[in-house]
Amino acid sequence: MRPLTEEESKAVFTKLANYIGKNLVHLIDRPDEPYCFRLQKDRVYYVSESSMRLGISVARPNLVSLGTCFGKFSKSGKFKLHITALDYLAQYAKFKVWIKPNGEMPFLYGNHIVKAHLGRITEDTPEHQGVVVFSMSDIPLGFGVTARSTVDTRKLDPTAIIVFHQADVGEYLRDEETLF
Amino acid sequence: MDVTSILDAQKAKQQNVTVEKETPLEIDAGHLMVSDLNPIDEESYNENLEEHLRALARDGTQALLAALFSLPTSKSADGPLAQLPPRTYQLPRQKALPKPKPPTKWERFAAAKGISHVKRDKKEWDEERQEWVNRWGKDGKNRRVEEQWLTEVKRNADPDHNPQLAARHERKERIAKNEKQHLANLARASGSSASGPSSRKAELEKSIATTRASTASMGKFDRKLDGEKKLRGVKRKFDPAERSVVDEQKSALKLIGSMDSDARKMRKAPRENEEGSVNARKAIRFASKGKGAASMAGGETRGKSSFAKGKKGGRR
């Protein structure tokens, strides 16, 4: 377990900022307890200081997980967000997409969101913007990247993809062994 | 009635307006400065220092004011103004003397060899035109060959040989060489070790390391030479895990701040028009279903109108 280097922090922050924008500051500067990012193997964990200090005393091979896993670094140094980060993303999300009940299952099986399943979308969402996907009852289901801006979606046919799938809560079952 | 005591008291109150000293005071009216070169009177100095200093200052000021009132005056809206004479006292220089320029490589060589070098004039006498012309630069004489209407060519010259062009290339090469030498001189003067022996050594070590790992076995089964050291990579350094979290927060916030400013610098605002911004390239791709603008020339498709729109938006 070690703190992130500057490049690693940059990669993590840019990825997070794509979803939560300026609210990223609230993740780092928390009123309740100091939190920090830690790298263990190739995973990035978001940990409170107290549990981080406890975790220091665990040897690296024995430490399985701590705090909340935010994602992992690929071998080429890119950072990929995991569904486990959804709680924080949903809390601070800048742009949101709500999907109709008939679209929930297709999304949870890892498919992109088509226009027919789109219930609501934040106004002025630009193209290629990270969005958090909610069900109509405001339960976060995952996150993705918009294929079109809000304005453009109006002209599209119902089968056109609106949001590219990035992660969904179905991964808790599908990728259980590699997720945490 | 005896008034001498009253007069004496009055006199004591009003001191003399003319200051008389053993060595007369030096007055520099231009600087509004008076210097008193008399030796210090030890008795009054020891007796009452404040009084002594005040008396000295009074005398100096009196002398200066007397000198000012004797200067020629000019009239102005605010009353008469004294015309100050030119300054006589030499004030010391405010800034340090400029450092001598570090000698160039040629200058050092010339000094070592005892070569006395006279800098050439920029102008040169042109016999044909009967006037002074520049050696180089505007209408420079170094372009003489290039500008000649007729040039002698050797018998065995290449048929494609262009003497004007060759002369131009030669001149440009000289300029490039001079520029390179100038930069090297600057680098040497600034004392940077960019081209020094230490960087050369590092370069050599780097290339040796590369060649050692460039065999089929990545250098594993190569014959070792005597005294050859084991190759070592760069050791990565990380912050300690138990560093203060507050510190970490600070650096993270700083990083976020710098990322914000970078993004602001790099991102261009999309150009707006009435229907929202249109990305012409993307509009073409979308309307032609990925076949490009050429395929749209003849075809009457639904996308045609959107293409035209996109084009218009792009030009605006």
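1. The model is predicted, so local features need pLDDT of at least 70 and side-chain atom pairs count only at pLDDT 80 or more, while totals for chains, interfaces and linings use all residues. Residues are numbered from 1 along each chain as its sequence is written, chains are lettered from A in the order in which they are written, and side-chain values use heavy atoms, without hydrogens and water.

2. Chain B has ten helices and six strands (DSSP runs numbered from the N terminus: H or I of at least four residues for helices, E of at least two for strands). Of its 316 residues, 15% count as buried (under 20% relative accessible area with a 1.4 Å probe, protein chains only; exposed is over 50%, partly exposed in between). Chain B exposes about 27800 Å², with 55% supplied by carbon and sulfur atoms (Shrake-Rupley method, 1.4 Å probe). Among contacts in chain B with a separation of 6 or more, 34% join residues 24 or more positions apart (contact: heavy atoms within 4.5 Å).

3. The second largest pocket has a volume of about 1400 Å³. A pocket here is an open set of points on a 1 Å grid over the protein atoms alone, where a 1.4 Å probe fits, with protein on both sides within 12 Å along at least five of seven lines; lining residues have an atom within 4 Å of a point. The volume is the space filled by probe spheres set on the points, which are joined across faces, edges and corners.

4. The lining of this pocket has 23 residues, with B:Lys119, B:Arg120, B:Trp136, B:Asn178 and B:Gln181 nearest its centre. By class, the lining has five nonpolar, eight polar and ten charged residues (Asp, Glu, Lys and Arg are charged; Gly counts as polar).

5. A:His82 sits in the loop between β4 (79–81) and α4 (86–92) of chain A. This residue counts as buried because its relative accessibility is 7%. Its side chain reaches the backbone oxygen of A:Leu179 at 3.1 Å. Beyond four places in sequence, A:His82 touches residues including A:Arg43, A:Phe143 and A:Thr178.

6. Most residues other than glycine have a negative phi. A:His128, in the loop between β7 (118–121) and β8 (130–135) of chain A, has phi near 55° and is partly exposed at 45%. B:Leu32 has a positive phi of about 55°; this residue lies in the loop between β1 (26–28) and β2 (33–35) of chain B and is partly exposed at 48%.

Definitions and conventions. A polar contact is a pair of N or O atoms within 3.5 Å; within protein, one must be able to donate a hydrogen and the other to accept it, and residues adjacent in sequence count only if both atoms are side-chain atoms.
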